[in-house]
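Please keep the sequence and model at hand while reading.

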Amino acid sequence: MFEKIAAAPADPILGLTEEFKADARAEKINLGVGIYKDESGNTPVLATVKKAEAVLLENETTKSYLAIPGTPEYGLAVQKLLFGADAPVIADKRAQTAQAPGGTGALRLAAEFIKRQLGDVKVWVSNPTWANHNGVFAAAGLEVAQYSYYNAETKDMDFDAMLADLQTANAGDVVLLHGCCHNPTGIDPDAGQWQQLAALVKEKGLLPLFDFAYQGFAKGVEEDAAGLRIFTESCSELLVASSFSKNFGLYNERVGAFTLVGHSAEQAATAFSQVKSIARVIYSNPPAHGAAVVTVILNDEALRAEWEQEVADMRVRIQAMRELFVATLKEEGVDRDFSFIERQNGMFSFSGLTKEQVNQLKEEFGVYIVGSGRISVAGMTRSNMGPLCKGIAAVLK
Ligand code: PMP
């Protein structure tokens, strides 16, 4: 039966990690997948996570199933993080949250909800966007459309083109927005642009879907929610897919959340009952551990403050690497202007390197970068910076 099956293509990002692992060269550098590395090149468990795990080990009394949406404590903690502790949407019970297996699981819940409950609408994603967005929405049978986002000449946002493209969307269409730290460009709208986008989305009757995978990696945990909070004030219905893989370093625990905001508490509860039905037939109910860790940290004042500091440490280190990268390329004699890298947010930037240069970097220097030229700045360290920039200087000649 299986002899007729053709092999699936390797995932463009996770496939690269497999190739990296198989590379025997000691000096190899992985700037492919978005995983935070510290100065020693490790991805350690956060100290606050270890402390929360100690609390859980001491107090956990059962491994019985969770409810389909996970625990109410987790849902509330997620909502406070997104909308602010005193947000009216929370007090008015217009927000409903389901714990989901990672940000990807949350996006898949969103996709199924859109397809089953909102019908044949289009989902608009930025060009470019995280590679898996297309796959997740297509898997739910949704049509994906692209809006302009990036200007390769200026290495900046093409905001006018973005607005113009969204003007062509139909009422009811969904617009996917990256909450902060746009993946792959690292370029986010400023407050004025968020306002304009929210006004357009409201005027045209579009449904905003925020993908929020890097809260805390741009300016700060609260600051990074500015765009979402602007939207929450002007749009009475919206969806959010959260991931805690990066900001809690809980990658393999698969912790995410799908949050739905409705026009009223009653409408939100009814719509959310459909989300529960969807989760039931995909994974039934979520895994407990990672979400319990997040809940312990967010609900304990001291742990929460310590966690914010840990997120700040990651953010500051990445920013330092952005600056060092630009300076080291200059030292290596590269005259192309890479200063845009310093102005961008989060783990990623678009380097502007071509497919051929990316390939040459891998073959000759053991430097692994995604084919699009997206680099994970979080994979740079003081010790790999020299060899990395030497390699880039060589392929740019
Ligand atoms: N959205 C974006 C923009 C991402 O970069 C990622 C992670 N790379 C995700 C969602 C998925 O996160 P998770 O690993 O929690 O599924």
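The sections below go from the domains to the helix, the core and the ligand. The model is a predicted one.

## Domains and their contact

The chain is divided into two domains: domain 1 takes in 2-44 + 307-396, and domain 2 takes in 65-299. Their C-alpha centres are 27 Å apart. Contact between them involves 22 residues of domain 1 and 22 residues of domain 2.

On the side of domain 1 that touches domain 2, helix 12 and strand 11 (348-350) each supply at least two residues. Helix 12 gives the largest share of that side, 5 residues. By class, this side of domain 1 has 11 nonpolar, 8 polar and 3 charged residues.

## Helix 12

Helix 12 runs over residues 301-331. Just after helix 12, G333 takes a positive phi of about 90°.

Which residues of helix 12 are buried? They are W307, V311, M314, R315, I318, M321, R322, F325, T328 and L329. An α-helix has 3.6 residues a turn, so residues three or four places apart point the same way.

## Nonpolar core

In soluble globular proteins, nonpolar side chains tend to be buried together. The largest nonpolar core of this model has 109 residues. Within this core, L109, A110, F258 and V294 have the most contacts. Why does this core lie between domain 1 and domain 2? Because both domain 1 (2-44 + 307-396) and domain 2 (65-299) give residues to it.

Leaving aside residues up to four places away in sequence, V294 touches Y74, A77, F244, F248 and V255.

## Ligand shell

The residues that surround the ligand are G34, G102, G103, T104, W130, H178, N183, D211, A213, S243, S245 and G256. Helix 5 (residues 102-118) supplies the largest share of this shell, 3 residues.

How many residues of each class does the shell around the ligand have? There are 2 nonpolar, 9 polar and 1 charged residues.

Definitions and conventions. Residues numbered from 1 in each chain as written. Predicted model: local features only at pLDDT ≥ 70, side-chain atom pairs only at ≥ 80, totals over all residues. Helix = DSSP H or I, 4+ residues; strand = E, 2+ residues; numbered from the N terminus. Expected span 1.5 Å × (residues − 1). Buried ≥ 20, exposed ≤ 12 C-beta atoms within 10 Å, placed from the backbone. Domains from an automatic or database assignment. Contact = placed C-beta atoms within 7 Å. Nonpolar A, V, L, I, M, F, W, Y, C, P; charged D, E, K, R; others polar. Core = buried A, V, L, I, M, F, W, Y, C linked by C-beta atoms within 7 Å. Near = placed C-beta within 6 Å.
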